[in-house]
Amino acid sequence: MDKIFGYINNLVDYGIENNLIDKDDEIYIRNEILSQLNLDEYIKINENIQLKYLEDILDNICSWAVEKNLIEDTLGERELFDTKLMGILTKRPSEVIREFKENYKISPEKATNNFYDFSKKNNYIREKRIEKNLHWFWDSKFGQLEITVNLAKPEKDPRDIAREGKIKQSTYPKCLLCKENVGYKGRGNHPARQNLRVIPLELCGKKWNLQYSPYVYYNEHSIIFSDIHEPMKIGRETFERIVDFLDFLPHYFIGSNADLPIVGGSILSHDHYQGGKHEFPMAKSKIEKVFQIEKFPDIECGRVKWPMSVIRIKGKNKTSMVEASEYILKKWREYEDLTVDIKPYTEGIPHNTITPIGRKKDNIYEIDLVLRNNRTTEEYPMGIFHPHEEVHNIKKENIGLIEVMGLAVLPGRLHKEMKGLIKISEQKEWEKLIIKNENLIKHKNWLKNILKNNKKITKEILEEEIGKTFEKVLEHGGVFKRDEKGIIAFDKFFESLNR
């Protein structure tokens, strides 16, 4: 029994040392933790159990809770419980907001640095889990691409899945991006958010919020979401918010997924953006051909050297940047070129949209407008400009904002599959063996092509081949291909901007 009091002391000490709670709140916080553990008393022990990491402290408390039948020994139950404990150690929203504003007076960067650090220390961002992700770079003909295999989001326990099926459906919060998630206890089919804190913003005179992503695919991966649960829509206000945000946090980029299925993000029901302090591969790519839009003489415009079809505009004037972006969007919404399979509508259903990304460099606004089209055909039922079947063994999902910018977020299954491919490739009859392996059979043709040029498969070779495949994924997403026909067609669209 004494061990649990040592773990409680560890947790309280952690909170004090990391400025999550004040020393004066020590007894109050400890009593709150005792309450959650159904303990009616506290036994002071002479020596704490020395645990170095917060993850270990919480794991030991959860194991004790399992022993006492307070929770079941599943990942889902443990996460609900340890988040509840961290919620006790997390400052109230008003305190977090006040600190952000005080730091912002010193500098925007200080404000975000401290808020990001806080979100890690209170375990909203599970740093130790994120460190498990695989990450590497690959030198493509468009510059370095980034690859990550997401191991931070573990597979669900079958017991948790079974429990989810019995849970009464709830519409509160309406989705994972609603502000009502702040402090929410969670349930089997909705993550606990007692340690979530958000910063209110005003963009274009309306209420928005800033929080960090719990999965952190890149440095200071943030989410900027509307106060109101309303669908995403790319339009003039999109670009107005982008430049507003860049004025507020000029050291961050901000981007939005497209607003149509297939080419859009996973949550189209709640208007939101993603941002952060990270320079993506696409941002490093240069304009390869300059075009002048006659209506906007103060705006620099050009075609970016990138596998997807990107128009970059630059300028100092906010109004001109917004109007130029809106103008290009409107032109693209109606644009048709059947020679390259671009059709804006099918029986009134729109296909053309844009993935916009903004950043600020030396007080100059820079907006990348990535042209998207979600049309499907019998040949490409998942989308003409979607990853084609030949690359589905690596990437089958939508190409969202993060992938568009050159960072592949690949499924965790690839980690085990890469190991399996190395092992099976060493066998003489690997083709017969791979057919019998339900997890590896999808890689058969891919592996066969790799073995044509390599006698032995290694982790490094597979990483390089995954990089090559990701480059193809991006090329598939480009509405104007990088061949001569595609480049000519892209230039025709630029010419249409002056008609």
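The structure is a predicted model, in which local features need pLDDT of at least 70 and side-chain atom pairs count only at pLDDT 80 or more, whereas totals for chains, interfaces and linings use all residues. Residues are numbered from 1 along each chain as its sequence is written, and side-chain values use heavy atoms, with hydrogens and water left out.

Asp-25 is located in the loop between helix 1 (2-17) and helix 2 (26-36); helices (DSSP runs of H or I, at least four residues) and strands (runs of E, at least two residues) are numbered from the N terminus. Together with Asp-22, Asp-24 and Glu-95, Asp-25 forms a negative surface patch. Patches are made of residues with over 30% relative accessible area and no salt bridge, like charges being joined within 9 Å and nonpolar side chains (Val, Leu, Ile, Met, Phe, Trp, Tyr) within 5 Å. Accessible areas come from the Shrake-Rupley method with a 1.4 Å probe, and for residues only the protein chains shown count as cover.

The structure holds 44 salt bridges, a salt bridge being a side-chain nitrogen of Lys or Arg within 4 Å of a carboxyl oxygen of Asp or Glu. Asp-247 takes part in a salt bridge with Lys-318, at 2.8 Å from N to O. This pair links distant parts of the chain, with Lys-318 in helix 11 (residues 318-333) and Asp-247 in helix 9 (residues 236-248), 71 residues apart. Asp-247 also forms a salt bridge with Lys-360, the closest N and O atoms being 2.8 Å apart. Because Lys-360 lies in strand 13 (residues 352-361) and Asp-247 in helix 9, this second pair ties together parts that are 113 residues apart in sequence. Asp-247 is partly exposed, with a relative accessible area of 29%, and Lys-318 is likewise partly exposed, at 30%. In a further salt bridge, that of Lys-128 with Glu-131, the closest N and O atoms are 3.7 Å apart; here Lys-128 counts as partly exposed at 30% relative accessibility, whereas Glu-131 is exposed at 51%. A network of salt bridges links Arg-312, Lys-314, Arg-359, Lys-361, Glu-366 and Asp-368.

In a regular strand the side chains alternate between the two faces of the sheet. Strand 3 runs antiparallel to strand 4 (residues 206-212), to which five bridges join it; two strands are taken to pair if DSSP finds at least two bridges between them. Leu-201 has Trp-208 of strand 4 as its bridge partner, and Leu-203 has Lys-206 of strand 4. The two strands form a hairpin with two residues between them, and Cys-204 in the turn has a positive phi of about 55 degrees. Strand 4 is joined by five bridges to strand 5, again in an antiparallel arrangement, and there the bridge partner of Trp-208 is Ser-226. Five of the seven residues of strand 4 are buried, so that this strand is largely enclosed by the rest of the structure.

The peptide bond from Tyr-172 to Pro-173 is cis, with omega near -20 degrees, and Pro-173 lies in the loop between helix 8 (158-166) and strand 3. Val-216, a residue other than glycine, has a positive phi near 40 degrees; Val-216 is situated in the loop between strand 4 and strand 5 (222-226) and is buried, with a relative accessible area of 11%. Asn-363, although not a glycine, has a positive phi of about 65 degrees. Asn-363 is found in the loop between strand 13 and strand 14 (364-373) and is exposed, with a relative accessible area of 61%.

Methods. Lys, Arg positive; Asp, Glu negative; His and termini not counted. Charge placed at Lys NZ, Arg CZ, Asp CG, Glu CD. Buried < 20%, exposed > 50% of the residue type's maximum accessible area, 1.4 Å probe, protein only.
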